[in-house]
Each structure stands twice: as C-alpha cells, then as structure tokens.
Amino acid sequence: MLDLAADLPSVTSGTMTNAVVTTRGLRKSYDRKTEILQGIDLTIRQGERVALIGSNGCGKSTLLRCLIGLHEVTQGDVTALGETFTGLPAGAQKARLRRQTGFVFQKHCLVRRRSVLSNVIHGMMSEPGSWRAFSQMTAPEPWRQAALEALSWVNLSDKAAARADALSGGQQQRVSIARALVRRPALLIADEPAASLDPVSGNDVMALFARLCADHGITLLFTSHDMAHARSYADRIVALRGGRVLFDKSTATTTDADLDEVFRV
Amino acid sequence: MSNPADRMPPRLTRLSPLTFVLTMTAFAIVIVSVGQVAPTPGQLINGGPSMVRLVDRMMPPNLDPAFLSRIFWRIVETFQIAIAGAFIGIVLSLPIAWFAARGVGPFGNLGAFLSKAFISFLRTVPDLVWALLFVATVGLGAVAGTMTIVVDTIGFCGRFFAEAIEDSEKEPQEAIAAIGGNRLSVLFGAILPDVMPSLINTSLFALEKAVRSSVVLGLVGAGGIGQELKAAFDLFQYRNASTIILVIFLIVLGMEWVTDRLRRRVQ
C-alpha cells in the first residue's frame, strides 16, 4: 500500500488567494420540476483540496459537471479558471476551460480496447491538432513522452503497452488519473474516484491523488462517501444536503456531529 | 380472507379487441396469400418430372478446359465486383452511420433521422433493381455491378454501424468530452475502438452478402459469373449451367467459411 498521505503539505498555509472556481446562486433542474441544485454559492481557491460530501442524489456529481459545462446550469453563474458562463460555456470558452481541467470519474471510463499509453494520450484531446491524440500511434513524440511521464507518476510506466482492460480496477483508476494530469491542469475534479475500488486500492488512489496535486500545485475538488478520505486528503469539506450547502468548513474544524448531520435521514 | 388461488394470474394474457382484430387480420392475409400464390400439390407433382428431365440434361457438368478457363476469369471478375463494392460501401457507410447515430452524430436528431431514412431507402430497394438502374445509366458490365454492391452495402452496413455506434459505451465518451474532445475526438478516440469488433463483424457479413449478390447481378447484365449463367440458360446449354451453379455454390461456401473463421478471430 502506498503511504503518500503522511507527508502531504498543508495548502492552507500556502498561497491560495486566487479563486479558481466561484459559483453564485447556481441552480440546476433536469425536468424543470425537481431542482437538483438549489442555489449553490461556492468559492474554491488556488491550491485548495476540497472534498464535496453528501448522500446519494444530493447533487454532488451534478455540481461537478456544471462547473466544466458538461451539464447545463439552469440559473446562476459559474466562473471557473477565469471563464464566466451561465447555461453552458460557449465553444471557445469551453475549450479553454477544459484545457485547464482534469476530470476523473467514479468508473475509470477508459477506452478498454486501447493501450494504456493511448488512453493517457487522450488527455491531450483539447490541444491544437487534437486528432493526433486519437491514439499513441498518431501522437507527436512530446505527447508520448508526457504521457509516459504521467504514467510514471502513478507507477504504471511498465504497463504503457498493455491493453487498458488487462489492468486491475485500481490500476485502471490510476491510468485515468494519469490521463487527467497529463496536461498538468490547473484544476482537477474527481467524482468519487475511489468508490468502485476495494478499501486498500481506494486509499492508495486517494493518497496518490492528493500527493500529485500537492506536487504539481493543482487545485483538487473531489466527491466522496468515505469520510476518512475527506478528512485525510482535503483541506476543506463542503457538505451538500437536498441541493443546498449544509456547511463549508476547514477539515480541522469539521466535527463528527457535522458529518452525522450530512447523512441524517 | 380471500383464497390466495383467486389471485393467481391467468396463464394467457387477455387480448384487447384491437390486438385480436390485428392478429386475425394477419392470419387472414397469410392464409389468402398461401391459397393464391403457393404451389398446389398438383403443380408440385406435375413439375417433378420436368425437374428430373432438366437435371438429367444438366449432367454431367461441362468440364471442358476452354470453358473452365472462361468461367475462371468470370469468377475473378465476380470477386472483384464483390470486394471493390463492399470496400467502397463499408468506407462510405462509416460517416453516414455516424450522421445517423442518435445522440452521437454531428447534425443532431434531424440529421440522424434524414440519414436513417436515406439508409432505409438504399436498403429497401432490391439489389437487382439497383443493378437495372445502373446498367441503364453506366451500361452493361462490371461497373454497374460494383455500383450496385456499393449501394447495397451502404444500406446494410449503414444501419448496423449506426446501431453499434448508438450502443457504444457512454462513459469513455463522456470522459473524452470532459477532457475537451470534440465530436470527432469522441468518435475516433472512444466510439470506434469500442465498436471495432462489431464493425468488422458486420463488414465480414457485408462481404459475404456482396459475394452472394455479385453472382446473380449478371442476370440483368451487371457483370460477373451470373452473366454466363444467364447465357447458358438462354442458349439451353444446361451442362454449362450446372458447372456454373456448382462453382457459385463453392464460391459462396468458401466465402462463408473464410468469413466465419475471421469473425471467430475478431471475437
């Protein structure tokens, strides 16, 4: 098991003055009847590691997707990495936004039949000449080098040529982390990255995540149902309940009673 | 307290009046059709001796070297028609299927609907009708046959490619979109690698179908070995005809064997 969490630097003591993400009165409904998000005001500063927690259906994943324009915002506005939008970001704005963002899903979402290296190179899709990121065969040499380096960060350089579906669940999630980091994004968003893994692999992945974000100065926003992960790997915990922010506290000041309240029926 | 047996659901579902009428109408259509166009036992009994006489005149197949040499080159042409037509058809099917795939294609639902309608049109017109049209436009010969196979292949592959694209795994597509990929990136980065076995499978079926079609296209003048078969029947050269029928049988059998093995490898 990797022991990377032990010496994570505390970002709260560093420079985290610039807001990387700001939402104002963010509302989201899918059918105009049920509001998933009911006015979210949130600010995430540069270098922070923020855990978004809440019970199933409280709107965590929806909020993450709204921040990078994967889902349309019904009302309110989002400013992410200097791009402000309501609804969906416009074409060029969306491209700029996603170029600076890495996204890791609960299920690794790799292309199973492609090699590990090709999957990491997919992280270059928003670069000019994106067609060359379709596969490692067509990618320019610097992209191949960057992908191999990203794989070394997750200790999978030796698996570069293997097919993605030949790897274990934990290894596949590490590949998806490498894919998200290959462009060295300013913001990394992870939607329950450890949920589909066993406890040991899940902990390894979270530790790796937090470590890499700290090493590369990347702002991290992740959702989790595991309170131990939130406590260990985040500087701040934002709890959602019923589409609203229940509390927004530093990890150090979050109590067990606060966490109990989040999942109270 | 009511008896639990009273709540037992019936073995047969009750038919609604509309379903009953539609079912009966369908039965009536089948019975009337069989009565009007299916062969009667008398016709079958009377036709039997004629069939025996025809088979007798076909035996033995003509194995004259000069004839076999002519047939060989016709077989080569038949394969060329099938391979060229299937290849061009498969290549053209890919973008058309992408346009037709709902929720994935670049032109939205209207573009998908129009593309699907176009594919359906190509598929519903029989290949011999397309062959007649192309013989009338580009003249007798292999080119008309190749164009027929192209159209037939688009009608076949277009539909199955589009369905495969629609059914492809959504998570990698979302991941590539989240990374910043456009629709083309999603197509080449996530969809095509995922559906490739299905595309190859369908393409092999299309090739097999193309070989079967190409052997009969000659009946309407669109090149290939079918032209020899028509000439043999027209000139009452039944021994030549039996040789050609045997050759067609071997070609189709061989093609099915090859594509079956290739399909198994792809799985």
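This is a predicted model: local features need pLDDT of at least 70, side-chain atom pairs count only at pLDDT 80 or more; totals for chains, interfaces and linings use all residues.
**Helix α1 of chain A.** Begin by selecting residues 60–67 of chain A, which form helix α1. This helix is mostly covered, with 7 of its 8 residues buried. The buried residues are K60(A), S61(A), T62(A), L63(A), L64(A), C66(A) and L67(A). Next, select G69(A), which follows α1(A) and has a positive phi, near 75°.

**The interface between chains A and B.** Now display both chains: 20 residues of chain A are in contact with 19 residues of chain B. On the side of chain A that touches chain B, helix α2 (residues 91–99) of chain A gives the most, with 3 residues. By class, that side of chain A has 11 nonpolar, 4 polar and 5 charged residues.

**The pair α3 and α6 of chain B.** Proceed to chain B and select residues 65–100, helix α3, together with residues 142–166, helix α6. These two helices pack at an angle of about 35°, and their axes lie 6 Å apart. The crossing of α3(B) and α6(B) is right-handed. The contact between α3(B) and α6(B) comprises 20 nonpolar, 8 polar and 1 charged residues.

**Helix α8 of chain B.** Finally, select residues 183–217 of chain B, helix α8. Between its end C-alpha atoms, α8(B) spans only 39 Å, whereas a straight helix of 35 residues would span 51 Å at 1.5 Å a residue. Where in α8(B) does a kink lie? Centre the view on M196(B): a kink of about 55° lies there, shortly before the proline P197(B).

How values were computed
Residues are numbered from 1 along each chain as its sequence is written. Chains are lettered from A and ligands numbered from 1 in the order in which they are written. Axes are lines fitted to C-alpha atoms, for helices over the stretch in contact, and angles run from 0 to 180 degrees between N-to-C directions. Helices (H or I, at least four residues) and strands (E, at least two) are DSSP runs, numbered from the N terminus. A crossing is left-handed if the near helix is turned anticlockwise from the far one by less than a right angle, and right-handed if clockwise. Ala, Val, Leu, Ile, Met, Phe, Trp, Tyr, Cys and Pro count as nonpolar, Asp, Glu, Lys and Arg as charged, and the others, Gly among them, as polar. The expected span of a helix is 1.5 Å times one less than its number of residues. The bend at a residue is the angle between axes fitted to the seven residues ending there and the seven starting there. Two residues are in contact if their C-beta atoms, placed from the backbone, lie within 7 Å. A residue is buried if 20 or more other C-beta atoms lie within 10 Å of its own, exposed if 12 or fewer, and partly exposed in between; C-beta atoms are placed from the backbone.
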